[in-house]
Amino acid sequence: MVEISNGVTCTSIALAAAAQETGGRLICIHSQNKTLGKSKQVIKDAGLKDMVEFKVGDPFKILPDYENVDFSLVDCKVDGYSSLIELLNVNPRRSVVVANNLVEERKGLGGGILRETKGGLPSVRCTKSLMGTDMEVMMIGKSYEFGRRERIIKPCKSKWVAKVDKETGEEHIFRVPRRS
């Protein structure tokens, strides 16, 4: 998971906790060093320091180092966020991109992350305003998988379970680690 923001928020802690539960990792890219100490302390106090790797610097130079990202969160308060969204290298088979803090004149994802792959453009289902009016979520994957009521996604060290809420239409994806 990759998060681009100006500092740790409650969302960062939730993503770090998800990384801990799923055996993944969270890369927090911060453009400014002034919040790094506080951010590290918050993550440490939450008991999640082993789940998070902090990168400080120009996100335009750091982001291209990460390919096939499964989950991305871009804080739209970051300067140049729309260009950062275009730099994301998402996993075309299955990924989620979230634009957070869409307030005032900020536009959302706008399809800027879609790049043609060997099989053509990936299929996208985009849902706006999941939390009030300040968040947009884009799901990328195979179009025939969207809308299925329940499925198990190709397991490896863990299994993925996806369910669609019949009332809201929201898709919830859970990664369940396998016990040895």
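Visitor: What is the relative accessible area of Asp 134?
Guide: This is a predicted model, with residues numbered from 1 along each chain as its sequence is written. Local features need pLDDT of at least 70, side-chain atom pairs count only at pLDDT 80 or more, and totals for chains, interfaces and linings use all residues; side-chain values use heavy atoms, leaving out hydrogens and water. Buried means under 20% relative accessible area, exposed over 50%, and partly exposed in between (1.4 Å probe, protein chains only). Asp 134 counts as partly exposed because its relative accessible area is 23%.

Visitor: Where is Asp 134 found?
Guide: Helices (H or I, at least four residues) and strands (E, at least two) are DSSP runs, numbered from the N terminus. The C-alpha atoms of Asp 134 and Leu 102 are separated by 4.2 Å, though the two are 32 residues apart along the chain. Asp 134 sits in the loop between strand E6 (123-128) and E7.

Visitor: How many helices and strands does the chain have?
Guide: Read from the N terminus on, the elements run β-α-β-α-β-α-β-α-β-β-β-β-β-β. The count comes to four helices and 10 strands.

Visitor: Which residues does Leu 63 touch?
Guide: Contact means heavy atoms within 4.5 Å. Leu 63 is one of the residues with the most contacts inside the largest core. Leaving aside residues up to four places away in sequence, Leu 63 touches Val 2, Ile 4, Ile 29, Leu 84, Leu 87 and Leu 88.

Visitor: How many residues are in the second, separate core?
Guide: Among its members are Cys 28, Leu 48, Val 52 and Val 137. The size of this second core is 17 residues.

Visitor: Which backbone oxygen does the side chain of Ser 5 reach?
Guide: Ser 5 has its place in strand E1. It counts as buried because its relative accessibility is 1%. Beyond four places in sequence, Ser 5 touches Ile 29, His 30, Ser 31, Asp 75 and Val 78. At 3.0 Å, its side chain reaches the backbone oxygen of Gly 7.

Visitor: What is the relative accessible area of Ala 46?
Guide: Ala 46 lies in the loop between helix H2 (36-45) and strand E3 (52-56). Its C-alpha atom is separated by 9.3 Å from that of Ala 16, 30 residues apart along the chain. Ala 46 is partly exposed because its relative accessible area is 38%.

Visitor: Over which residues does pLDDT stay under 50?
Guide: pLDDT is the predictor's confidence in each residue, from 0 to 100. The chain averages 76, and 71% of the residues score at least 70. The model has 20 contacts beyond four places in sequence for the stretch under 50, residues 149-155.

Technical notes:
Core = buried A, V, L, I, M, F, W, Y, C linked by side-chain atoms within 4.5 Å. Polar contact = N/O pair within 3.5 Å; in protein donor to acceptor, adjacent residues only side chain to side chain.
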